[in-house]
Amino acid sequence: MTTAGPGAGQVHPVDERLPLRRLAPLSAQHVLAMVAAPVSTVFLTGQALGLGPGRTASLLSATLVLCGAGTLLQSLGVWKVGVRLPFVMLPGGAATALFLQVAKDHGPATATGSVVLAAALLGAVLPFYARIVRLFPPLVMGVTVLLIGIGMIKVGAQLVTGRAGTAGYAAPSGVVLAAATIGCTLLLLLLLRGVWRQTAVLFGMAAGTVIAVTTGLGHFTPPGGGGGGLALPRLLPYGAPHFDVPAALPLLVFSLTTLAEITGQTVLNSETVGRASDPGRDVPRVAGTDALVSLFGGLFGTSLLVTSSENIGIVRLTGVRSRFVTAGAGALLVLVGLLAPLSRLLAGIPAPVVGGSSLVIYGIIAVMGIDMLARTAPGATANSAVIALALTAGLLPVVAPDIYQGFPGWARTVLGSGVVAGTLTAVLLHPLFRRFAERAAGTGPGATVARESAPRDQVADPVVRRGAP
C-alpha cells in the first residue's frame, strides 16, 4: 500500500516535531519495547565469558549508550551518517552468537579484533553495495540465520549445564530452573499484548530469578560496592584487540550478509512512514552508521550493533511516524546507560536463567531462518539441492566437532565454523544451480532454441517461473 506524501508546504509526518508532553511517553514506549534485547544480550555475554559483576555492569552501560547513540544518528542524521528514519539500534542476536563463538575458540581479545575488522569491512564495501548484496539473496540469508540459531542453542545449553556440564551431565536444578524460565517466557508471550509482549524475555528472566531464590534452585548474588550508582563504559575491557582474519571470518561474512537485511528493513521502514524508498541512497547511510557504531562497540567490548526495525510495530500501532520520537528514545538509552544502578543487580542473575532465556532467543533466530527459506520456493529442485548441501556443510562441525581436526589451522577455522562453511557453500552453489535451472527451463542465455523445441509442460522449475532468488 502506497501512502500519500504531504502537500506542498506541509511537514512530512516523519519530520514532525512533537511537544515534549507527547514525545516523552512515546519515546519511553520505544525504549520499553527494545530494552530486553541489550539487557539479555549483555547477560548472555557476561555469563559466557565469565565476567565479574562490575565488568558486566560496565558492558551493559556501554551497550545501552552505544545503542542510544546509534538510534540518535539514524533518527536525526549528521552529514552523510544516518538515514533520518524512525529506526532503533540493538546488539544483533546473531552477531552476538558469532562473537561468543570466536571468543570461545580464540579468546575475547580476538573476538574484539574480529568486531573491528567486520565493522571496517562493512564500511569499506558500501561503494560496491549493489554488487555485494546480490551474493546474499533470501536463500543464502535463510541458511546463514538458521545455522546461527542452531549453533548457538549449544551455547545456551552450556549456560544451563554450568560446571556440572564438564563432567558430561547437567545439574538437575539447573535444567529445572532453565525450563521454568522458558515456561514463564512462553506464558508471557501468550498473555501479553502490544508493546508489553516485546518485553516477555526480560520479564521471563525476572520470573526465573524469583523462582530460583524462592525455591532454592539457584542463587541470586548481586555485587557489592560500586559507589555512586554509576556504571561507566570501560574502554578495551578484554585488553588490546588481536586481529586474526581467519578467526574473524564468521563475523566478516555476517557483516556482508547484513546488507541484504538492511535493504529489506530500510524499504519496510520507508513504506511504513510514507516516504519514497530509495535503497541506493538510504541503505549505505544505514549500513555506514552500523559500521561506525559497531567500530566503537568493538572498542568497548560489544559485538556488532545493528539497526533494527523492531520498533516498526509501535509506529504502526500508534500511527506516530516522527523520527524525533525514536531520537528521544536514543537520548533516554544514553541516560539510562550512564546512570544504571540496575545493572549491578542484573549481574547476579543465575546462569541457568540466562541460559533458558537464550534458548528462547536463539530458537527464535533459527525459526526466522526457516521462515526465510520457506519464502524461497524450497520445493524447487535447484533450491532444495543448495539448501541441503549448505546445511550439511554447516551442520557437520556441530554434529562432529572433530571432523576437521587433522586439517591445517586456517582450514579448521573456515570449515569448522558452521556459519561460514554453510554460508560460503550457499553463496557458491546458488548461482551455479540457478544457471543450470534456467537452462533446463529454457530461460537462460543461449536457451532460446531449447525453449522453442521443448514441450510447454517441461518448462517447469518453480524457482524460475516465480522469479524467486
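Where is the place of R84 in the chain? In this predicted model, for which local features require pLDDT of at least 70, side-chain atom pairs count only at pLDDT 80 or more, and totals for chains, interfaces and linings use all residues, residues are numbered from 1 along each chain as its sequence is written. Side-chain values use heavy atoms, with hydrogens and water left out.

R84 is placed in the loop between helix 3 (53–76) and strand 1 (88–91), where helices (H or I, at least four residues) and strands (E, at least two) are DSSP runs numbered from the N terminus. Most residues other than glycine have a negative phi. R84, although not a glycine, has a positive phi of about 60°, and its relative accessibility of 35% counts as partly exposed, on a scale in which buried means under 20% relative accessible area, exposed over 50% and partly exposed in between (1.4 Å probe, protein chains only). A positive phi, of about 50°, is also found at L236, which is not a glycine; L236 lies in the loop between helix 9 (200–215) and helix 10 and is partly exposed at 29% relative accessibility.

The count of salt bridges comes to three, a salt bridge being a side-chain nitrogen of Lys or Arg within 4 Å of a carboxyl oxygen of Asp or Glu. One of them joins D15 to R323, with the closest N and O atoms 2.8 Å apart; because D15 lies in the segment before helix 1 (20–34) and R323 in helix 13, this pair ties together parts that are 308 residues apart in sequence. D15 is partly exposed, with a relative accessible area of 31%, whereas R323 counts as buried at 12%. R275, R281 and D282 are linked in a network of salt bridges, in which the closest N and O atoms are 3.5 Å apart for R275 and D282 and 2.7 Å apart for R281 and D282.

On a 1 Å grid over the protein atoms alone, a pocket is an open set of points where a 1.4 Å probe fits, with protein on both sides within 12 Å along at least five of seven lines, and lining residues have an atom within 4 Å of a point; the volume is the space filled by probe spheres set on the points, which are joined across faces, edges and corners. The lining comprises 30 residues, of which Q101, D105, P397, G416 and S417 lie nearest the centre of the pocket. Among the elements that give two or more residues to this lining are helix 4 (93–106), helix 10 (245–273) and helix 16 (381–399), but the largest share, eight residues, comes from helix 7.

Two further positions relate parts of the chain that are separated in sequence. P279, in helix 11 (residues 279–299), is partly exposed with a relative accessible area of 28%, and the C-alpha atoms of P279 and G264, 15 residues apart in sequence, are 8.9 Å apart in space. L428, in helix 18, is exposed with a relative accessible area of 63%, and its C-alpha atom is separated by 8.8 Å from that of L135, 293 residues apart along the chain.
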